[in-house]
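Work through the exercises below with the sequence and the coordinates at hand. Each task is followed by a solution in steps.

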Amino acid sequence: MISLPQQMLESACPRTRVRPQALTDYPLPAPPELSTLTAWRVDVAGLAIALCLAVLYLWVRARRPLPGIQERAWPVRRTAAWIAGCVLIVWLTSGLLGVYAPVQFSAHLGQYAPLALVCAPLLVAGRFGDLIRERIAPRSDGSAGLREIVEWRPSTRLGRWLTNPAKH
């Protein structure tokens, strides 16, 4: 029987298994263990979105209420809910789940479920639209400002149906 060197066999018959890094262009993280609970990989998009949302909210909150609106303090619980939602976005996209999500489908789903079921309600509890209506005056020149963007409603029948199908 003829014996071929191992190197010749590997070049003639390459392995068919594909490495995860070749599929995802992301290095496979270490197997999960207790020390990986503090794993961190900064996700620029998640960090930028959360930071912009938090800064915009705090900027609007720092403004004085419009004249003619009863001057009352904006509830701290609403601000806390909004900031908690932003912090959770950063943790879910850059923390432990953010490390494993690009290469593991279960971590990917574990990342999106809290984003939809926890972050979204926290941001809604912050009542950003009410804060804008209370603190930012509508523009008089017809241009679109922050308040006009928040209060935008579609003018066509199809647009109204798409944004609120149960009402039409």
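**Exercise 1: Arg147**

Arg147 lies in helix H8 (residues 146–150). The model is predicted, so local features need pLDDT of at least 70 and side-chain atom pairs count only at pLDDT 80 or more, while totals for chains, interfaces and linings use all residues. Residues are numbered from 1 along each chain as its sequence is written, and side-chain values use heavy atoms, with hydrogens and water left out.

Task: Is Arg147 buried or exposed, and which residues does Arg147 touch?

Step 1. The relative accessible area of Arg147 is 14%. Buried means under 20% relative accessible area, exposed over 50%, and partly exposed in between (1.4 Å probe, protein chains only). Arg147 is therefore buried.

Step 2. Contact means heavy atoms within 4.5 Å. Leaving aside residues up to four places away in sequence, Arg147 touches Leu66, Ile132, Arg133, Ile136, Ala137 and Pro138.

**Exercise 2: the chain**

Task: How many helices and strands does the protein chain have?

Step 1. Helices (H or I, at least four residues) and strands (E, at least two) are DSSP runs, numbered from the N terminus.

Step 2. The protein chain has nine helices and zero strands.

Step 3. Of its 168 residues, 27% count as buried.

**Exercise 3: H4 and H6**

Task: At what angle do the axes of helix H4 (residues 76–94) and helix H6 (residues 105–125) cross?

Step 1. Axes are lines fitted to C-alpha atoms, for helices over the stretch in contact, and angles run from 0 to 180 degrees between N-to-C directions.

Step 2. The axes of H4 and H6 come within 7 Å and cross at roughly 160°. H4 is therefore roughly antiparallel to H6, given that angles over 145 degrees count as roughly antiparallel.

Step 3. On the H4 side the contact includes Trp82, Cys86 and Ile89, and on the H6 side it includes Leu115, Val118 and Leu122.

Step 4. The contact residues of H4 with H6 comprise 14 nonpolar, three polar and one charged. Ala, Val, Leu, Ile, Met, Phe, Trp, Tyr, Cys and Pro count as nonpolar, Asp, Glu, Lys and Arg as charged, and the others, Gly among them, as polar.

Terms used
Angles under 35 degrees count as roughly parallel, over 145 as roughly antiparallel, 65 to 115 as roughly perpendicular and the rest as oblique.
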